[in-house]
Amino acid sequence: MSYLLPAEFATKMVDAGEAKLHMSTRDALIRAFMAGAILAIAAVFAVTVAVQTGYPIIGAILFPVGFSILYLMGFDLLTGVFVLTPLAWLDKRPGVTINRILKHWGIVFIGNFGGALTVAFLMAIVFTYGFSTEPSEVGRVIGEVGEGRTVGYKEYGAGGMATIFIRGTLCNWMVSLGVVGAMISTTVSGKVIAMWMPIMLFFGMGFEHSVVNMFLFPSGLMMGGNFSIMDYLIWNEIPVVLGNLIGGLALTGLTLYTTHVRTAPQKAL
């Protein structure tokens, strides 16, 4: 598997964050668009498998194939740049500023959303034979997911909002471990195994991932889900993005950076 030690891959995390911030806008958009599109296809695949087999856990087991493909191709998810880019600022890398980080996050958000929305539209055509019939069973299930995870939260008010945020936080704790997993090995098989485990966990637990939701909820609206765009934004996407940011940065990025890059002095014998 050619495993890299934590001190080695933690430094690679900082290097990766710096490189992303110096990337051209064109490249950042293309990579983000493709990441959103591939993750959306993986979400369709997972839902399809769950519907066909009647066992959602099988969909969760297979969903990481999309995540593995997009990271092996060098594409970028918003949840990943939330973790990596602030580390370059903490490490005082040249030219790295808060404004540059925020701009990059915005570019990746737009690219991810564009890719996910494109796949949502294409799959809506597939599910409805070009909008000429009622949605297929998979399309209907996607519509129900969108409804349950927007107005379903809204029903519980502040408690529902807290639940969304925490699910978003826990999600990117796991997803960001998958991002790091791509760096802890120098072989394809090693990278895939390290990425697969936490991604399977997040999907199987039903945590909230902002980029997956960029596909699920627009697709749900196209499939006739009984919720609005404002329901989607307020009762899912916005709190999930904030939870993803906190979970990935605080629970993965900062912990690995603090203990493996800025390691405290060892105790005297």
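Predicted model: local features only at pLDDT ≥ 70, side-chain atom pairs only at ≥ 80, totals over all residues.

Me: Let's start with helix pairs. How close do the axes of α9 and α12 come, and at what angle do they cross?

Reply: Look at the two axes first. Helix α9 covers residues 157-181, and helix α12 covers residues 229-260. Their axes come within 6 Å and cross at roughly 45°.

Me: What do we call that arrangement of α9 and α12?

Reply: The angle decides the word. Roughly parallel needs an angle under 35 degrees, and roughly perpendicular starts at 65. The crossing is roughly 45°, so α9 is oblique to α12.

Me: Is the crossing of α9 and α12 left-handed or right-handed?

Reply: Right-handed: that is how α9 passes α12.

Me: Which classes of residue make up the contact of α9 with α12?

Reply: Sort them by class. The contact has 15 nonpolar and 12 polar residues. Charged residues are absent from it.

Me: Now α5. How do the axes of α5 and α12 meet?

Reply: Helix α5 spans residues 78-90. Its axis and that of α12 come within 8 Å and cross at roughly 45°. That angle makes α5 oblique to α12. The crossing is right-handed.

Me: On to the surface. Which residues form the nonpolar patch?

Reply: Among them are F45, Y55, I57, I61, L62 and V188. Together, the patch residues have about 870 Å² of accessible area.

Me: Which elements give two or more residues to the nonpolar patch?

Reply: They are α3 (56-62) and α4 (64-72). I57, for one, is found in helix α3.

Note on methods: Residues numbered from 1 in each chain as written. Heavy atoms only, no water. Patch = residues over 30% accessible without salt bridge, like charges linked within 9 Å, V, L, I, M, F, W, Y side chains within 5 Å. Areas by Shrake-Rupley, 256 points an atom, 1.4 Å probe, with all protein chains shown as cover. Salt bridge = Lys/Arg side-chain N within 4 Å of Asp/Glu carboxyl O. Helix = DSSP H or I, 4+ residues; strand = E, 2+ residues; numbered from the N terminus. Axes fitted to C-alpha atoms, helices over the stretch in contact; angles between N-to-C directions. Parallel < 35°, antiparallel > 145°, perpendicular 65-115°, else oblique. Left-handed = near helix turned anticlockwise from the far one by under 90°. Nonpolar A, V, L, I, M, F, W, Y, C, P; charged D, E, K, R; others polar.
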